[in-house]
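Please read the following note with the sequence and the model at hand.

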Amino acid sequence: MNARVAMVAALLSFGVASAVVSLHAQSAPAAKPAAKPAAAKVYAAKTPWGDPDLQGVWDYKTITPLERPQNFGDRQFLTDEEVARLEANAAKRLDQPPDETVPATLVHAPYMTDPGRKVDEDRRTSLIVDPPDGRVPPLTPEAQRRQALRQAGNRNGGTDGPEQRSSLERCITMGLPSGNLPTLYNNNIRIVQSPGYVAITHEMVHDTRIIPLDNRAPISPKIHQWFGDSRGHWDGNTLVVETANFSDKTNYRGSGATLHLVERFTRSGKNNVEYRVTLDDPTTWTKPWTIELHMRTSEGDLYEYACHEGNYGLHNILEEARDADKAAAKNASKAGVSE
Amino acid sequence: MKTILVVTSAAALVVGVADVASAHHSFAAEFDANAPVTLRGTITKMEWINPHSWIHIDVKNPDGTVTEWMVEGGTPNTLFRRGFTREAVKAGMEITVEGYRAKNGANRANGRDLILNDGRRLFMGSSGTGAPIDGKDAAEAK
């Protein structure tokens, strides 16, 4: 996803925390124990009815990867030099035509995308803050079997019909937590509040979830939905959203319908919201894990992404597959005649 | 030695980003990376549609006939954020497309590099800075 261009606001908002981080990076590139993530800074904006105010269009794009690249070992923070180099490389990819280092198999050349130019403001080597190695915990044996079955059934990647394509290709949903994690473009959400509810619109595939804050009971565990079912409450100035009841038709990195998310949104500055999500699914991962990133006020509005309106891609994929079937049948027929 | 290590780690992080980022749909199911095409033609229609834009062009063949092609580009939201509006890309403009053809040989391509005849690259903004095309950039006049 990839350039609400100048991130001046983000840079200005780095403040004390990033200054401390950069000291770490300069003086201690060697291994250091993973610190317990500090509590988010709080910016005490309130709605007219007294709830913490998270409203706005928030931009979460960053070039910091989800998982820490192996060569960083257990180092948590980038050095100043690494930040400068990574951001220069990101800018170059966005501002120059594709060269020979850009694979042909990308749907979009990098300059047509909008994934950001900056590392996350905390300068970590990964968005995953727990476990301390910055990597997704291993899949359980059950999850490995489930993934194998999904692949055998061509649940994601077959071309017999649209049902075998991903929910993203079908313009159904980006899913959760994917709809709040950096991708090639559309890295924005809009938060709107009213007494008793918070609504979050995710620009990618234009999903909106309406989250009740009134402690109502969760829906039946027999009901499974593409976007799950969310309940919210305030923990001080932090909005806590718990989501369960996911459908098995979509998954995030192999998760099952038993995925349980705990998201935490904290207004950390006039133009900043800290986002944390803990993923727990005992059928999928050997332990829960947590992602943290820092959103900024978007430079522009949230735009519609009416993905269905011109989804020629899905049509083309299936047309290509049918043409390939015909060609294969013709070849088989020819082979039969020649025998 | 230290410099080499830094370069390595920076490259690895970029690769990491590529792993995280996923496109809306599969390239391999639709286009042939071994069938590069270069098309020079006139824009007949620009479809500002989600999830991806499509540019229709008429390409003149050496024998004088015209072949219609359609070329896939970036998502409209990104295009707009990079400064392109519907005023910036109109029917009648000349364009050069470098891309990859559909696997079944249809006159359809994925646009890897889209260059208008005034030198501007679609999606890149007026001078590569992402600045809106507003007439304030000297490069826009070219």
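1. Chain A is divided into domain 1 (8-305) and domain 2 (314-339); such bounds come from an automatic or database domain assignment. The model is predicted: local features need pLDDT of at least 70 and side-chain atom pairs count only at pLDDT 80 or more, while totals for chains, interfaces and linings use all residues. Residues are numbered from 1 along each chain as its sequence is written, with chains lettered from A and ligands numbered from 1 in the order in which they are written.

2. Between the domains of chain A, five residues of domain 1 are in contact with four residues of domain 2 (C-beta atoms, placed from the backbone, within 7 Å). The side of domain 1 that touches domain 2 has one nonpolar, one polar and three charged residues. Here Ala, Val, Leu, Ile, Met, Phe, Trp, Tyr, Cys and Pro count as nonpolar, Asp, Glu, Lys and Arg as charged, and the others, Gly among them, as polar.

3. In chain B, strands β1 (residues 31-47) and β4 (residues 94-102) run antiparallel, joined by eight bridges. Strands are DSSP runs of E, at least two residues, and two of them pair if DSSP finds at least two bridges between them. B:Phe31 lies opposite B:Ala102 in β4(B).

4. β1(B) also pairs with β2(B) (residues 54-60), again in the antiparallel sense, over six bridges. B:Met46 stands opposite B:Ile55 in β2(B), and the two strands form a hairpin with six residues between them.

Methods
Helix = DSSP H or I, 4+ residues; strand = E, 2+ residues; numbered from the N terminus. Contact = placed C-beta atoms within 7 Å.
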